[in-house]
Amino acid sequence: MSAILSADDLNDFISPGVACIKPVETLPLQKPEEPHNPYEVTTEDKLPAQDHAPAQISLTDCLACSGCVTSAEAVLVSLQSHSEVLNTLDQHLSMSIQHGNLSEELGNSVNEGKIFVASVSPQVRASIAATYGISELKAGWMIDHLLGGPLGLASGGTHGSGFTWIVDTNAMREACLILGADEVATSMSSPSLNAPSESTSAPKKPVLTSACPGWICYAEKTHPHVLPHLSRLKSPQALTGTLLKTVLSQQLDIRPDQIWHLAVMPCFDKKLEASREELTDIYWRPSSSREPTPPVRDVDCVITARELLMLADTRGISFPSLPQVPISTPSFPDPLLDTFLFPQRESQPSPHKRRRRNQEPAAGPSGGYLHHVLQTQLANSPGGKLHTIRGRNADVVEYIITRPLSHPNPSPHLSHAEQRLRDSSNNIEDEIREDGEEQVTIFRAARYYGFRNIQNLVRKLKPPRTRRLPGAATTTKQASKNNNRSSIATKTPNATAAGNINDYSYIEVMACPGGCTNGGGQIKVDDVGLGARQLKGTDRGNEGMSQKQWLEMVDEAYYSMSSSDTEIDDDDEGDLNMRDDGDEGEGDRKGNEMVNGIDVRNVRNVLRHWSESTGIEMGQLCFTTFREVRSDVGKGAEGEKDRVVELAGRIGGGW
Amino acid sequence: MAAISFIAGLNPPASSRAWCSTPHPTLPILATATGTSLRIYSLNSLTLLSTITGGHKRSIRSCAWKPGNSDTATIATGSFDASVGIWSQDEDDNEEWKFAIVLDGHESEVKSVAWSTGGNLLATCSRDKSVWIWEEVGEDDYETVAVLQEHEGDVKCVKWHPEEELLASASYDDDIRLWREDIDDWGCIAVLRGHQSTVWAIDWEPLSGRDETVGSRLVSCSDDVTIRIWKKSPGQEERQAQSRLSIIKSSSAEEWTEEAQLPKTHVRTIYSVAWSKDTHRIVSVGGDGKIVVYAEDKEASKQWQVVAVHECGHQEFEINHVAWTRAKIVGGSVQEVVVTTGDDGEVKLWAVS
């Protein structure tokens, strides 16, 4: 029985499947039968076959229906696989680039060819590094070789196509971190902190990260009340996609669909993110486009770390045998972006040649959004101190920045928030006393990883009214008394260890416990023994290792920045390795603003340049929107139910 | 052979299907889930004390009393509307009940709720294949501690071990899973395979008066018309088996084996089974309307015999739930009785001689 037809007592038998939320609402016109003889009786097998128009179901509709979402998602996700990568490479010639322009020889087949570009996330490199017992840097080079080098994919296939540029998503991540910190500052200084915000305006406090597609899909589907809090920023994957498509299409004078962007990511949910309608070229395409074309995704395909290895395997390439040296790639058409995206290039003049630093363990393995926001706050609050409070488990951590009460307040716009925080006093402030001086809290933030912790977070963010159902009636056998309204508990139910959730400015939310290095597409401990044995000379002794211990190894690779990686520039002045000390809140080089190891001014320059050169506004390039996914199953007015039942009857009944 | 004799039905009965009746661990009251309301009956007078309505939008499938020594009783309800309700007795008027809190999270019908022996943890399971564990962190404030998603089908029943923080769950996927906490994370430490079809219910052997050297055993009943007893293989505490069952943690896996099968008496799906604290007998009910009581052979333990059978306990209706409890019966004495709950909406008490 379907959920629509039997709203009440459902027995325990599993229903064949909840009704699809896209019932056949418009029945196709039936061809009138010629000489319709009312006395003529026909049998079932004589009925003409009916041609129904194919039903169209968008991704969003499918996600709304929790009945078959797993199978639908599985289908959508399976469309982006290593097979698709190989098929696409085989169908199109990869256009070659010389001196920043398309090679002249391909003049005729320009329409058939594509520019293949790839972006790789650092967690994937860490996974591969731990698998083969090499450094993350070398793992990155091997991936570059597989995707773009002469011994990799380009050595086979129909056309010998390979990837022209392989970008590190860490580059655009820096932009995301900086813009993220800006968003927080805006939300804190906003005069109407609790006013309902429209979809395009800034997020409400507390701002929640939106880079994790697992979290976003869940929030859109099940907890739309958190949508106003979500950061509007695109994820590094999405932002890299927009960058590559906007710049390359413009600089090389080709259509966005002639650029094929592959992203290698630690999880499968990134495939769903790539399929989002909001992350296509219709959101940045100049409105004066010649002809309306179907939307082109910013990211055409996403594969996981494991699928990357399958990719090599399918083509008969032995991944461990790939060279552990950098490949050479043509210059990116825009010189400023070339420096930004490929800072370790051979051709760079040495003061500028530096490898982007990896993050510290405090940043977490998911991009370090929260860490950067905290570092930015500290940089703006002289005398401020950071306190870390562990929550109910390792995946819940709360952070407080305090400053001494007597310290003058440099930023006027913090005072309002500060006052509110002071008013909501609790024990924590009493405990935090530095040198006997009273501390005042100026900033609260937290990290929530993992589904079970996200449950608690969304519950606290729900308006209190909906968490209790007053008016539950009880009747006794003597007399039916009045409705017994439940009393609102005196203790605020959305309290956390350090205060009310609404006093938090920023919360980093990730769906996977342990963060992105533990993503669903990473190489698991069970697969590892094979990899270690393949690579000669390294026996990691992985037998009997637990997934937890394996994860620690992957994390180690993720955070590592081994000094042995200086081979590529022996005669360098030593600029290559940026050390941790001296970076916090101080300018490392004259005139540069370094926060959390990121040259903020430089990144802002790059973003401005990108916007100016493409003529597209920053807002369109960097921000996106979310929408509530609503399901009509079992809901709606009585009239709707009747209508649907009627339609079901008309087409012959039975769901 | 002994006999099962009808004592009385709780009055007034419900007019539509009743899913389950749970006796309070200490007070002489019993809660029955019928439709969207919960009926509280007295086990002294065998009459209705109060009816709680209005909290859930769909039928209540399961209910469980919170253990503890509080002055006011608290009960958790699991409903087909995917929410779990927690109700407390009003301090001032014990016949009034407040709806304290609703716990959202499950994506589809909640099938079973169970409190741990200490009363601080609540386990819930659902057709969405997951088992959730909640912890009370403050007055009327609960937090999700774990979301366990390893079953491959509808999870029908959850039950806590009488002593340890060990949870068992039974599922449509024919398996029973055991769960324990390892530092911060809950994970599956054993999978009990053997049933050929849906496992509908499970129960733990009560602690008192049994062989202390062997841990508490588990009984399960299934759509495959068998009832099986499971026990933990000895010597597990020393062995540290690495388990890949959970993503993040290294858990110590335990080995559980099937010790016995009770003599086949039922002819249709067995929906519920309960292990007596007083006599250590097991009672089962099912779709065939039979009530069957079994006792373990004193000489040859692990051999079970049928003690008594009663056909058509609820006329032609299926019997959904069975429990042991104590009630004051005719003659004024309090004795152990069997409580059955059927599709006819009736809750009946039976004496086993």
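The legends below describe close-up views of a predicted model.

**View 1. The domains of chain A.** Chain A is divided into domain 1, domain 2 and domain 3. Domain 1 is made up of residues 1-29, 52-79 and 630-655. Domain 2 covers 361-463 together with 488-510, and domain 3 covers 568-614.

**View 2. The interface of domain 2 and domain 3 in chain A.** Five residues of domain 2 of chain A are in contact with five residues of domain 3 of chain A. The size of an interface is often given as the accessible area lost when the parts come together. Between domain 2 and domain 3 of chain A, the buried area is about 410 Å². Carbon and sulfur atoms give 60% of that area. On the side of domain 2 of chain A, the residues that lose the most area to domain 3 are His372(A), Gln375(A) and Ala379(A). Together these three account for 81% of what the domain 2 side buries.

**View 3. Polar and charged groups at the interface of domain 2 and domain 3 in chain A.** Two residue pairs are in polar contact between domain 2 and domain 3 of chain A, both at pLDDT 80 or more. The side of domain 2 that touches domain 3 of chain A has one nonpolar residue, four polar residues and no charged residues. Across this interface of chain A, zero salt bridges are found.

**View 4. A salt bridge between two helices of chain A.** Over all chains, the structure holds 39 salt bridges. One of them is formed by Arg125(A) and Glu136(A), whose closest N and O atoms are 2.8 Å apart. Arg125(A) is in helix α4 (residues 122-132), and Glu136(A) is in helix α5 (residues 136-148). The two residues are eleven residues apart in the chain.

View 5. Lys205(A) and Pro206(A) are joined by a cis peptide bond, with omega about -10 degrees. Pro206(A) is in the loop between α6 (170-189) and β5 (207-208) of chain A.

**View 6. The fold of chain B.** Chain B has zero helices and 28 strands. Its radius of gyration is 19 Å, close to the 20 Å that the globule rule gives for 353 residues, so chain B is as compact as a globular protein of that length. The C-alpha trace of chain B spans about 55 × 50 × 35 Å along its principal axes.

**View 7. Backbone details in two loops of chain B.** Most residues other than glycine have a negative phi, and most peptide bonds are trans. The peptide bond that joins Asn11(B) and Pro12(B) is cis, with omega about -10 degrees. Pro12(B) is in the loop between β1 (4-9) and β2 (18-23) of chain B. Val225(B) is not a glycine, yet has a positive phi of about 65 degrees. Val225(B) is in the loop between β19 (218-222) and β20 (227-232) of chain B.

Methods. Residues are numbered from 1 along each chain as its sequence is written. Chains are lettered from A and ligands numbered from 1 in the order in which they are written. This is a predicted model: local features need pLDDT of at least 70, side-chain atom pairs count only at pLDDT 80 or more; totals for chains, interfaces and linings use all residues. Side-chain values use heavy atoms; hydrogens and water are left out. Domain bounds come from an automatic or database domain assignment. Contact means heavy atoms within 4.5 Å. Buried area is the accessible area (1.4 Å probe) that two parts lose on being put together, summed over both. A salt bridge is a side-chain nitrogen of Lys or Arg within 4 Å of a carboxyl oxygen of Asp or Glu. A polar contact is a pair of N or O atoms within 3.5 Å; within protein, one must be able to donate a hydrogen and the other to accept it, and residues adjacent in sequence count only if both atoms are side-chain atoms. Ala, Val, Leu, Ile, Met, Phe, Trp, Tyr, Cys and Pro count as nonpolar, Asp, Glu, Lys and Arg as charged, and the others, Gly among them, as polar. Helices (H or I, at least four residues) and strands (E, at least two) are DSSP runs, numbered from the N terminus. The radius of gyration is taken over C-alpha atoms; the globule rule is 2.2 Å times the number of residues to the power 0.38.
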